[in-house]
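Colleague: I've never looked at this one before. Could you walk me through a few spots?

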Amino acid sequence: EEGGEGGREGREEGREGGLPADAFVMATFNQLYKVAPPFWHAWANALRRAPKALLWLLEFPRRAAANLAAQAAAHGVHVSRLRTARTAERGFHLARGALADLALDTAPYNGHTTAGDATWMGTPLLTLPQDGMHTRVGASYVANAGCPQLVAASLRQYELVAVQLARRRATFDALRARLARHRWTSAAFDTARWVRAFDEG
């Protein structure tokens with residue numbers, strides 16, 4: 001499973017342990033081979049437009065994380081705006097994911113387990129669906145969790161939503177509260193409903 005494997009103990013990466021309390025933390029815990037250049041450009045643009053934002057990446061694989069740090073500098077983003085997380089035991093991985101403000105999905109390959117993890121832990125997921133099931137998983141989680149405004153129609157809108165949420169804390173807080181209310185009744189996590197539908201189908 002993405003982000004939860006690796007057999008290493010996670011380091012303390014809470015707000016008090018490396019994530020500034022006043023930062024808006026945008027995170028992607030997808031394996032880094034999923035980060036296509038257009039999305040990296042959008043994230044770099046969002047960081048430049050939202051001065052208090054940080055980008056938190058899963059350091060998997062390590063070489064990719066180092067390459068992305070170099071690309072950040074090439075896009076005018078100081079390396080101090082990036083944070084990395086090691087792979088970790090699943091329980092710790094889920095708990096630290098809740099410390100992020102906004103989860104950033106990738107395309108054409110979405111997070112699958114990571115999209116569900118973010119939504120379950122109450123972290124809003126920003127996603128951009130395209131053609132094919134593998135790029136619409138994030139949108140399914142987001143729509144079922146009652147946050148359709150997080151399903152972008154274009155990469156430009158994806159970047160704009162990230163910037164707006166990073167710069168408008170009240171708007172973001174209202175969105176996160178909405179997710180907290182709706183995720184408990186989301187079809188994505190209603191196992192009993194899924195079992196009934198399976199039995200009836």
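This is a predicted model: local features need pLDDT of at least 70, side-chain atom pairs count only at pLDDT 80 or more; totals for chains, interfaces and linings use all residues.

Colleague: Let's start with the rings. How many aromatic pairs are there in the whole structure?

Modeller: A search of the whole structure turns up 7. One of them is F29 with W56, an edge-to-face pair with centres 5.0 Å apart and 70° between the planes.

Colleague: And where do those two sit in the chain?

Modeller: F29 is in the loop between β1 (24-28) and α1 (37-49), while W56 is in strand β2. They are 27 residues apart, and the pair links distant parts of the chain.

Colleague: Are F29 and W56 buried or exposed?

Modeller: Both are buried.

Colleague: What else is around F29? Which charged end sits over its ring?

Modeller: That would be R96, whose charged end is 5.4 Å from the centre of the F29 ring. R96 itself belongs to helix α3, which covers residues 90-97.

Colleague: Is R96 buried or exposed, and why?

Modeller: R96 counts as buried because its relative accessibility is 2%, and the cut-off for buried is under 20%.

Colleague: What backbone atom does the R96 side chain reach?

Modeller: The backbone oxygen of R86, at 2.6 Å.

Colleague: Which loops are P61 and P108 in?

Modeller: P61 is in the loop between β2 (53-58) and α2 (62-74). P108 is in the loop between β4 (102-104) and α4 (113-120).

Colleague: Last one, A153. Where is it, and is it buried or exposed?

Modeller: A153 lies in the loop between α5 (137-144) and α6 (155-167). It is exposed, because its relative accessible area is 69% and the cut-off for exposed is over 50%.

Colleague: How far is A153 from Q71?

Modeller: Their C-alpha atoms are separated by 26 Å, and along the chain the two are 82 residues apart.

How values were computed
Residues are numbered from 1 along each chain as its sequence is written. Side-chain values use heavy atoms; hydrogens and water are left out. Helices (H or I, at least four residues) and strands (E, at least two) are DSSP runs, numbered from the N terminus. Buried means under 20% relative accessible area, exposed over 50%, partly exposed in between (1.4 Å probe, protein chains only). A polar contact is a pair of N or O atoms within 3.5 Å; within protein, one must be able to donate a hydrogen and the other to accept it, and residues adjacent in sequence count only if both atoms are side-chain atoms. Rings of Phe, Tyr and Trp (its six-membered ring) pair if their centres lie within 6.5 Å; planes under 30 degrees apart count as stacked, over 60 as edge-to-face and the rest as tilted. A charge sits over a ring if NZ of Lys or CZ of Arg is within 6 Å of the ring centre and within 35 degrees of the ring normal.
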